[in-house]
Amino acid sequence: MSLRTRLDLIVSGILLLMLLSMLYLSSWRQSQQSLEEQRLALTATSTALAKALKTPLITSDYATIDTISQEVFSPSDLSALLLIDTRGRALVDLHTTRAATAVPSWFKRWFNIPAPESRTEIAVGGLKYADLSIMGNSESLYLSLWTVVTQMSLIALLAYAVLNISVWWILRRGFRPLELLQQAAEKLAKGIREPIDEKVAPELRLPIQAFNQMSEEIARLISELMEKQTDLQISAQAIESLNEGVIILKRDLSLKYCNPFAAQLHETIPSLLQTITEILERHLGQSSGANLHLATDVSTAGSLHTLDILINSVNLPHSADTYHVVVVRDITEERIQKAKLAWEATHDTLTGILNRLEFARRLNEHISSGQPGMLLFIDIDHFKRINDSYGHSVGDQMLKHIAEGLQRKLGEDALLARFSGDEFLVLLKHISLEDGTRLTENLLAAIPAMKLLYHGHLFSVTASVGGIYFDADTHLSAEMLISHTDATMFEAKRAGRNRLAIFAHEMPEMENIRVDQEWLDRLTSALEQKRIFPYFQPILRLDDDSISHYESLARM
Amino acid sequence: MARLAHCIALLLLLPGFSAAAEQQASYSVGVLNQQSVIATAELWNPLLDYLGKKTGSKFTLAIGNTVQETDSMTARGDFDLVYTNHIFSMPIERDYRVLVQWGGEALAGAIVSTKPMRLTELAGKTIAFPSPDAFAATVITWGQLAHEKIKFIPHYAGSQEGCLAALSKGLVDAASITPRFALPYTEKNHLTLHTVYQSGGFPQIPLLAHKKRIPAAQAQKISDVLLNMSRDVEGSKLLESLKIPPFKAASEQSYDAVRMLYADWHQSQGHNPQ
């Protein structure tokens, strides 16, 4: 039911109530007034009649009493006249039944006007002669009242109709702009923006303007809200589908929310929540909020998990609530992979010993420390034959076996690395030339003993070892030292393999080795880069310019 | 023993019987229509009530609508007690004894008018009289007019108040009344009266009792009560409230002159007394 209809009904109801009340009050007042008038008239009649009856009562002139009483009663509207003397005798007893009027019986019951009555004691000189009692006629009262009520009802009905029509017309006119506003508001609620034309109701120009502005603003806000809602939904979905645990704790550190991943993580790590709350409690003791990023290890069921925990305490705008948003990742695997990668970055995956790069780095560190040491370059003799003859799997196993054997022989203090293929590097730290030489000899002797039993075959190898002793005065980089040590290994190879060639860096032989190594490196590079070109040129005699012979040469 | 008991019971019941017998005595009291019936009742009802209390009897006012009616009732002997002097023109007077008379000044007749005039100026005028048998207001004044051979037109108004009412309305030129009723009427009706004639004094109107219906002892009792009103607290208060003088003693002989004047009057009028 529309507001206008309700208002119409309310006003109509109020009007009806008012008119009915006025009608009733007027009728009641009219009835009371009529009753009072009749009472007054009755009293006057009674008084006059009593006065008139005094003389005949004193003179006991009953005929005159009758005559006077009849003269008063007959033409009047009285319904009864009773004169009782002091002995209780009715000197006059007149009654009449007035003809019933057209007044409905329900009307009479409603108003229930009692017939007025007047009693007068007739006394003269202190002596009571009689009691006079006259009763009026309520029928006439009802009739006059009914007439008045009927007339007033018609007037009231007419007034009600006129007022109702007026109210209806006024409301209709007055509510039209409001109805337009209402319709526009309802459409706006559904997301349909329809500005209202100000010309519809110039008197409501300002509210309509305000409404139009408001609806525009609301439409914009709704659009923003819907966008934000979509964003929120996306964010919520994203959080739900994250492969990271998102836990939101209230100010009191009770759980507010956790996404499925966090729940799953909690199943794996039952002490997850406890760990987080402990972290927060520790940190919150120092401040009201927390902004942490840390990694912590949690032990559970015999396994250790590393958790990456990011905590941000947020205070919601327009609210005193603080929430702690925790993003937790189990980075155990990641750590393991990282460690693995880190290891692989520094180790040879086949043999498990250091790789060339890491060895070079550590060698640089040792060199930078100024401490003495011995660098060994170990090359397995004829290793290619094993690969070619038995396959790379045997070769790999052999390398692993040799590496294990060398590591056992060298201990933790020395560095062992796989330089390439079948070449190893060894750094003996804090050792003298003599001790280093001895150790190297032991190694050399131990290598052939490192036999490999593989698929029913026993394999054994020898190695050629070159070594350079260096100290604080050796100003070479690791790369250069390795290169020079490589050259010494070649010396051992040239000397017949399965032997060692150790030099101190300051030894003069090292220069030749160094030069040879340099030329070796240059030629190797030129060959790799195809910078060696054969040239074939005639040789001319100087005297006659004839060709003496031809020579071919290689130019680099 | 039984006989003694009966005697005692009888003795105990005797006062009750006496009282009952006494209380049951009820007398009618006729009063001359000197005023309107109502005014008469307003005056005599309190008096009769007092009389009843003092004597133990019940006295009820009885009056006709007019003087003529009351005179007729008087002549018939309807009343046990009667206050009138018209009875002295009636044979029934023999059945009554005089008890007391009205107090105050002697009864006189007066002719009054609304303007000053001499008695002789009433010749040819209309004069209101209460009734043909009113002693002071008719017999005496008419007698005087006749004595002075003044011709006038009589008009019987029924009562003295009626005479004054006719005078005040200009229906008559003069009214013949007793002066006692002039002052109350003029005060009440704002009427100025001029006395044209006033006679000498005669005995006031008496209260008579029927000789047979009211025993002598009872009659004496009534006389005593009325004569001693001024000496009784209640009686004196009543006299004061009614503004009337106390009753005076009266005798049969006092009214001989009245009787004689009535006889002459009837004779002059050529009609026999009722």
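Which helix of chain A does A:Leu7 lie in? A:Leu7 lies in helix 1, residues 3-58. The model is predicted.

- A:Leu7 belongs to a nonpolar patch on the surface, together with A:Ile10, A:Ile14, A:Met18 and A:Met22.
- The patch has about 450 Å² of accessible area in total.
- A:Leu7 has a relative accessible area of 30%, so it is partly exposed.
- In an α-helix, residues three or four places apart point the same way, because there are 3.6 residues a turn.

**Helix 11**
- Helix 11 of chain A covers residues 392-410.
- Its 19 residues should span 27 Å at 1.5 Å a residue, and its end C-alpha atoms are 26 Å apart, which agrees.
- Its buried residues include A:Val394, A:Met398, A:Ile402 and A:Leu406.
- A:Gly411 follows helix 11 and has a positive phi, near 85°.

**A five-stranded sheet**
- Five strands of chain A form an open sheet in the order 6-5-9-8-7, with antiparallel pairing.
- Strand 6 (255-258) and strand 7 (291-300) each have a single partner strand, so one side of each lacks a neighbour in the sheet.
- On average, neighbouring strands of this sheet are turned by 25° against each other, direction ignored.
- Strands 8 (residues 303-315) and 9 (residues 322-330) of chain A are joined by nine bridges.
- A:Ser313 has A:His324 in strand 9 as its bridge partner.

**A hairpin**
- A:Gln537 stands opposite A:Glu551 of strand 19.
- Six residues lie between the two strands of this hairpin.
- In the turn, A:Asp545 has a positive phi of about 60°.

How values were computed:
Residues numbered from 1 in each chain as written. Chains lettered and ligands numbered in written order. Predicted model: local features only at pLDDT ≥ 70, side-chain atom pairs only at ≥ 80, totals over all residues. Heavy atoms only, no water. Patch = residues over 30% accessible without salt bridge, like charges linked within 9 Å, V, L, I, M, F, W, Y side chains within 5 Å. Areas by Shrake-Rupley, 256 points an atom, 1.4 Å probe, with all protein chains shown as cover. Salt bridge = Lys/Arg side-chain N within 4 Å of Asp/Glu carboxyl O. Helix = DSSP H or I, 4+ residues; strand = E, 2+ residues; numbered from the N terminus. Buried < 20%, exposed > 50% of the residue type's maximum accessible area, 1.4 Å probe, protein only. Pairing = 2+ DSSP bridges. Expected span 1.5 Å × (residues − 1). Axes fitted to C-alpha atoms, helices over the stretch in contact; angles between N-to-C directions.
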